[in-house]
Amino acid sequence: MTRDAMTCGGCLLSAAGATAATLWWGTSGRTQRHLGNGFEGEGTDYGVLWTELPLVAVAGAVLPALAWGLVAYPLSRRRRSERHR
């Protein structure tokens, strides 16, 4: 696999992770309660939009990219050592 393909794969995985984490967070019961779907608006707290949402999106982007990097680094290192033999 070329370096460009590995970079593109990591970026795509990161974008998919951020999207999936944000969607999962938005559909959870806890988040729905905070956004006004509780009994008669009880527990409404729009502060979660600027406190939790950015953290969820960043974590959803960083964790898959980190996992991709942990897998890609040994593969690229092994391929480089085979090329120098």
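How does Cys8 count in terms of relative accessibility: which of buried, partly exposed or exposed applies? In this predicted model, Cys8 has a relative accessibility of 42% and therefore counts as partly exposed.

## Cysteines

A search of the whole structure finds 0 disulfides. Cys8 takes part in no disulfide, and the nearest cysteine sulfur to that of Cys8 belongs to Cys11, at 6.7 Å. Cys11 is likewise in no disulfide, with the sulfur of Cys8 as the nearest cysteine sulfur, 6.7 Å away.

As for accessibility, Cys11 has a relative value of 52% and so counts as exposed, whereas Cys8, at 42%, counts as partly exposed.

His34 lies in helix α2, which spans residues 29-37. With a relative accessible area of 19%, His34 is buried, since that class takes in residues under 20%.

When residues up to four places away in sequence are left out, the contacts of His34 are with Gly43, Thr44, Asp45, Tyr46 and Val48.

## The annotated segment

The unreviewed UniProt entry carries the annotation "transmembrane region" for residues 55-75.

Methods. Residues are numbered from 1 along each chain as its sequence is written. This is a predicted model: local features need pLDDT of at least 70, side-chain atom pairs count only at pLDDT 80 or more; totals for chains, interfaces and linings use all residues. Side-chain values use heavy atoms; hydrogens and water are left out. UniProt positions are given in the numbering used here, feature names are shortened, and annotations may be inferred rather than shown by experiment. Helices (H or I, at least four residues) and strands (E, at least two) are DSSP runs, numbered from the N terminus. Buried means under 20% relative accessible area, exposed over 50%, partly exposed in between (1.4 Å probe, protein chains only). Contact means heavy atoms within 4.5 Å. A disulfide is a pair of cysteine sulfur atoms within 2.5 Å.
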